[in-house]
Amino acid sequence: MRLILTGATGLVGSAALNHILSLPPGEVSRLYILSRKPVPIAEDRPDVTVIEHKNFNEYSPELLEKLKGADGCIWALGISQTQVSKEEYEKITVDYPLAAAKAFSGLSESFNFVYVSGEGATQEPGMCTPFYGRVKGECESALIALSKKYPSLKPYSVRPGFVDPAYDPPTLAAVMQRPDYKTISKRLLLGTLGPVARQLYSKGVSPTKDLGRFLTDMAKGDGQPLTGEGVSGDGWIISNIAFRRAAGI
């Protein structure tokens, strides 16, 4: 089993990476991390290959040959809509994952592409739909449409709620080294909103330890659509409620 991971230095990507690194030897025989920067927690791991990749809209034949035979990808690359322009946000949130899904669909006969979306994403935006919800919903729909053109592609979209690293020390330690998590606003978000969400709206919380495990299981899975409450998009879109149920939270 060989997997690809993006966004490995972010909150969700770090959670997935920490889970993969905790697995018994051989369960993931090779992890390829596509990253613009070094990934410290993956250093000195013989089963991890960090590939410096600058343009997430393009994948050269040489790179795809190196990734050949990979079975799935956890696409955790993303950014807050408050940090970039609307145009840049759409490029990162829609164009990048679509380019990757198209390129990766030929790596194996059945390829699981696990896109980290978010609660609030929708295919039916209204007047009050936040910008990120419309854009992420657009990507979810486009991935499903792409899979009809490339049948090998299995396009899961997972919608976490409040991503909470409180009970996941390795992930919390990793992200707290990032400059953007050293700001007062980020520390208040984790230190103030976290306890409130856990107490008053636990079903809206996505613990990183469980989320990292779930994303990895989806990337390693059988490529079949899911069923049950909170699953939509013909079985390809998994809400936070559905994730929590499947993760046994």
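Q: Which residues touch the most other members of the largest nonpolar core?
A: They are Leu5, Leu17, Leu31, Ile33, Leu215 and Ile238, and the core has 37 residues. The model is a predicted one.

Q: What makes this set a nonpolar core?
A: A nonpolar core takes buried residues of kinds such as Leu and Ile, joined through side-chain atoms within 4.5 Å. Leu5 and Ile238 are among the members here. Buried means under 20% relative accessible area, so each member falls below that cut-off.

Q: Why might nonpolar residues gather like this?
A: In soluble globular proteins, nonpolar side chains tend to be buried together.

Q: Which elements give two or more residues to this core?
A: They are β1, α1 (11-22), β2, β5, β6, α7 (208-220), β10 and α8 (240-247). The largest share, 6 residues, comes from α1.

Q: Which residues does leucine 17 contact, leaving aside its neighbours within four places in sequence?
A: Leucine 17 is in contact with Leu5, Ala8, Leu31, Ile33, Val39, Ile41 and Ala42. Contact means heavy atoms within 4.5 Å, so each of these residues meets that limit with leucine 17.

Q: Which residues are found in the other core?
A: Val94, Ala100, Val135 and Cys139 are among its 31 residues. This core lies apart from the largest one.

Q: What is the order of the strands in the open sheet?
A: The order is β3-β2-β1-β4-β5-β6-β10-β9. That makes 8 strands, with mixed pairing.

Q: Why are β3 and β9 called edge strands?
A: β3 (48-52) and β9 (231-232) each pair on one side only.

Q: How do you know that β4 and β5 pair?
A: Pairing needs at least two bridges. Strand β4 (residues 72-75) is joined to strand β5 (residues 111-116) by 4 bridges, so the two strands pair. They run parallel. Isoleucine 74 stands opposite valine 114 in β5.

Q: Which strands does helix α3 lie across?
A: Helix α3 (residues 86-104) lies across β1 (2-6), β2 (30-35), β4, β5 and β6 (153-158). Helix α3 runs at about 170° to β5.

Q: Is aspartate 234 buried or exposed?
A: Aspartate 234 has a relative accessible area of 65%, over the 50% cut-off, so it is exposed. Aspartate 234 is found in the loop between β9 and β10 (237-238). Its phi is positive too, at about 60°.

Definitions and conventions
Residues are numbered from 1 along each chain as its sequence is written. This is a predicted model: local features need pLDDT of at least 70, side-chain atom pairs count only at pLDDT 80 or more; totals for chains, interfaces and linings use all residues. Side-chain values use heavy atoms; hydrogens and water are left out. Axes are lines fitted to C-alpha atoms, for helices over the stretch in contact, and angles run from 0 to 180 degrees between N-to-C directions. Buried means under 20% relative accessible area, exposed over 50%, partly exposed in between (1.4 Å probe, protein chains only).
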